[in-house]
Each structure stands twice: as C-alpha cells, then as structure tokens.
Amino acid sequence: MSIELRNISKHYGETRAVDEVSLVVPDEVQVLVLIGPSGGGKSTLLRLLGGLEVPTSGEVLYQGRSLGTEESNLRQFRRKNGFLFQQFNLFPHLSALENVMLPLTKVHDFSAAEAKDRAMSGLERFGLQAHAEKMPAQLSGGQQQRVGLARAMAHQPGLLLLDEPTSALDPEMKAEVLEVIDELCREGQRIILTTHEMGFAKKSGDQLVFLSRGKVIDVSEGTAFFESTDSPEIKGFLEKVMKW
Ligand SMILES: Nc1ncnc2c1ncn2[C@@H]1O[C@H](COP(=O)(O)OP(=O)(O)OP(=O)(O)O)[C@@H](O)[C@H]1O
Ligand SMILES: [Mg+2]
C-alpha cells in the first residue's frame, strides 16, 4: 500500500482522537485492518487515511507523497477511493441502481448510459441483479450494504475504505457481507478496514493495527497478532471480544 503516517494527530476540542501516530504500511500490504476498543480512534484514523479529514498536525504520505491539507488535492485523492460506512448511507429516494449510478455521473463524469452499464454489472457482481429497481427501504440490511459496496467499487477505486461495514447487521447478513468483502480481498483489491470481527481480521488482514486512546499500541502481520502480542491491553481486549 505504501502509506506512511508521520506523527499524525487529530483533535476534536479536548479529545485527542488520534494522538501522535506514526506508522509505515509497506507496499506488500494489501489489506490493512484497524482494531481496538470503542473510541480508540479507528474511524478517525480511517478518515485521515482516506483524505476525508485534515490532521491537526502531522502528515499522511501515499507512495512517498504527502496528501497535504489543500482541499482540491484532498478531493482529487478522495475521488480515487471508495468508501463504505457502518450505517447504510444509501439515498432513500433513489433505487439501488440509481444509488450506484449517482456518483458515476456526478463525480466521475460517466455518461448516463455508461453509468447504467457499470452500475448494473456492479449490482450483478454482488448478487443484486434482481433488486436493481428496489428502493433501499425494500432491501434487507445486508442487501443495502452490498449495494453500498457496489457503489463504492463502481469506479474501480485504488483503495477501498470500510468503516465497520457489518456492525449494524444481523449475524446472517453479516456473514453474507463479509463473504463479499473476502472475495474482494482475494481479488487483490486494496482495502483499509475497521472491524470488531476478529475472525475476519485474522483471516484477511495482512497488517493489523491496534489502536487505543488515539495511540497505536501494536502493529503486526495478520495471524501473528493473535499469537504473539506482549501487550496486556491487547490480550485483555482479545480475551474479552473472542470469549463468546
Ligand atoms: N467529529 C467528531 N467530533 C468530536 N469528537 C469526535 C469526532 N469523531 C470522533 N470523536 C471522538 O474521538 C474519539 C475517537 O473516536 P473514533 O470514532 O475514531 O473511535 P473508534 O475507534 O472508531 O470507535 P468505535 O469502535 O466506537 O467506532 C472518541 O472519543 C470520539 O468521541
Ligand atoms: Mg468507529
């Protein structure tokens, strides 16, 4: 992925959501997973990595180049990426197909006909061809998240950023969405993901970062993280979340 965070902080008033974090994500890392307790700074760091937020201090570098703080540069960077968040962010008054088409025509300059073709093949790819004309309220949570994924992937983003994409779903739908994300991982898509799904983190993450109170507590390769961490905080966290 070739990302470097240099002493990056993000403060909201008195809250240090991300607090002087430095991190190197080498090029070989295809799937980066951010884990840790609630309020630890995962979503904030993901937004910083996606160019959705400007750091209070420090720098984010992609392929050795700083993202900087200029809105026009950040916008250009954001356009190349795909995003999906925990809550289904579909427009309620648009069909599944229209939801996927909208950014293609509005942001990525595709003609309506091209956007429709792309959007349909995206929906097919995620098993939603029968639901293209449905409105979000007529879809299950899992189907809505898959439409969100089709939308995030429609312009073939270099980097897909997912913030707890399954945490609002029932177990069965969770599994169905994780399956699709796993497929994207196997296809070689570059992904940054925050999740509380430790099994998935272990299976799919090339690099895992544990964040707590805005700090990186530990970084390691996928499975090694679960076997060899020395941090009592991480051990405590894993025992708690993997108990049930
Ligand atoms: N826009 C904001 N304005 C004010 N405070 C914020 C904002 N975003 C995050 N915070 C605060 O920053 C800290 C880190 O939040 P963040 O959402 O990054 O944590 P998280 O690890 O994603 O938690 P969770 O697992 O619950 O999603 C929290 O104390 C949060 O209340
Ligand atoms: Mg979060």
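Biologist: Is the crossing of α3 and α4 left-handed or right-handed?

Modeller: A crossing is left-handed if the near helix is turned anticlockwise from the far one by less than a right angle, and right-handed if clockwise. The crossing of α3 and α4 is right-handed. Helices here are DSSP runs (H or I, at least four residues), and strands are runs of E of at least two, numbered from the N terminus. This is a predicted model, in which local features need pLDDT of at least 70 and side-chain atom pairs count only at pLDDT 80 or more, while totals for chains, interfaces and linings use all residues. Residues are numbered from 1 along each chain as its sequence is written, with chains lettered from A and ligands numbered from 1 in the order in which they are written.

Biologist: At what angle do α3 and α4 pack?

Modeller: Two packed helices are described by the angle between their axes and the distance between the axes. Axes are lines fitted to C-alpha atoms, for helices over the stretch in contact, and angles run from 0 to 180 degrees between N-to-C directions. For α3 and helix α4 (residues 112-125) the angle is about 130 degrees, and the axes are 8 Å apart. The two are therefore oblique to each other; angles under 35 degrees count as roughly parallel, over 145 as roughly antiparallel, 65 to 115 as roughly perpendicular and the rest as oblique.

Biologist: And how are α3 and α5 packed?

Modeller: Helix α3 (residues 96-106) packs on helix α5 (residues 141-153) at about 25 degrees, with the axes 8 Å apart. That makes α3 roughly parallel to α5. The crossing of α3 with α5 is right-handed.

Biologist: Which element gives the largest share of the shell around ligand 1?

Modeller: A residue is near a molecule if its C-beta atom, placed from the backbone, lies within 6 Å of it. The residues surrounding ligand 1 include Tyr12, Thr15, Lys42 and Ser43. The largest share, three residues, comes from α1.
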